[in-house]
Amino acid sequence: MNNPNVAAPDPRLDAPGATLAPEPAADHAGPRPSSSSESGVSRQEFARYVEDFLSASRFNDYCPNGLQVEGRPRIRRLATAVTASRRAIEQAVEAGADALLVHHGYFWRGEDPRVVGVSRRRLGLLLQHDLNLFAYHLPLDAHAKVGNNVQLARVCGWPVSGRGGDRDLVFYGDLPRPIGAAELAASLAAALGREPLLVGDEARVVRRLAWCTGGAQDALDEAIALGADAYVSGEISERTTHLAREAGVLYAAAGHHATERYGVQALGAHLAEVFGLAHRFIDDPNPV
Ligand SMILES: [Zn+2]
């Protein structure tokens with residue numbers, strides 16, 4: 001979520017100098033929805049497939065999900081990134097990508113819609129290079145296989161016991177053995193490569209852990225209602241500390257970017273497999 005979500009990076013894709021996988025052989029045997037003999041996939045077929053796969057139109061979101069900026073008609077090389085920053089666009093262009101797929105795209109509700117300044121430069125780059133931009137926000141947080149929340153659980157080794165809260169976006173797991181605050185912090189730091197900020201009742205024993213990636217600190221009350229002893233999201237607000245203390249639970253801010261790096265990678269890998277695309281994850285590190 002933008003205001004909710006975190007996940008761990010795939011070291012293979014984050015290695016400095018990581019390059020696109022070689023073009024798949026023409027007789028690629030993977031599943032392909034299209035019988036076309038051309039390599040890659042059309043922009044329309046790609047968009048339709050992802051829409052169905054993520055049930056994207058089911059979500060009342062803060063931004064449009066799907067194709068946000070139209071580029072070339074055929075996609076052979078796919079780049080993914082957490083956010084459609086200028087750096088991510090530049091690296092996608094350098095990698096020869098036909099499409100950039102992100103979790104945080106553009107045109108957020110309430111945002112200044114004018115194409116000026118930073119926005120003009122980003123859109124200018126995309127249009128100049130005929131690069132398609134696809135963005136999937138809440139549908140990518142929620143998905144049961146490639147979503148940010150299940151992928152964060154995979155990276156951190158948490159069991160998924162259930163989910164609830166607004167739009168079922170808060171996930172929880174009953175840990176195989178209880179852990180304390182220090183162990184929770186250490187395991188997050190090890191999995192995500194970043195020290196979390198922990199607040200609340202440090203003596204609380206954690207049996208049920210809840211999480212929602214990104215900027216979902218305000219879902220803490222939903223996590224408490226789900227019986228969580230501790231709740232993990234990406235960001236933190238001043239009020240979060242007081243709520244955690246007074247409710248007697250633990251809250252860990254593990255990084256918005258850090259918790260949301262995995263969904264888009266998993267989706268990219270899936271699409272590369274389905275359509276026989278080259279795929280590269282572009283990491284543009286962010287301390288928040
Ligand atoms: Zn987010």
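Axes here are lines fitted to C-alpha atoms, for helices over the stretch in contact, with angles running from 0 to 180 degrees between N-to-C directions. Everything below comes from a predicted model, where local features need pLDDT of at least 70, side-chain atom pairs count only at pLDDT 80 or more, and totals for chains, interfaces and linings use all residues. Residues are numbered from 1 along each chain as its sequence is written.

**View 1. Helix 6 crossing helix 11.** The axes of helix 6 (residues 148-156) and helix 11 (residues 262-275) come within 8 Å and cross at roughly 100°. That makes the two helices roughly perpendicular, a label used for angles of 65 to 115 degrees. Helices are DSSP runs of H or I, at least four residues, numbered from the N terminus.

**View 2. Who meets whom at that crossing.** From helix 6, look for Asn148, Gln151, Leu152 and Val155; they meet Tyr262, Gly263 and Ala266 of helix 11. Contact means C-beta atoms, placed from the backbone, within 7 Å. By class, the contact has four nonpolar, three polar and no charged residues (nonpolar: Ala, Val, Leu, Ile, Met, Phe, Trp, Tyr, Cys and Pro; charged: Asp, Glu, Lys and Arg; polar: the others, Gly among them).

**View 3. Around Leu100.** Leaving out residues up to four places away in sequence, Leu100 touches Ala79, Ala81, Ala84, Ala88, Ile89, Ala92, Leu131 and Leu133.

**View 4. The whole chain.** The protein chain has 11 helices and 13 strands, strands being E runs of at least two residues. Among contacts between residues at least 6 apart in sequence, 72% join residues at least 24 apart.

Notes
Two residues are in contact if their C-beta atoms, placed from the backbone, lie within 7 Å. Angles under 35 degrees count as roughly parallel, over 145 as roughly antiparallel, 65 to 115 as roughly perpendicular and the rest as oblique.
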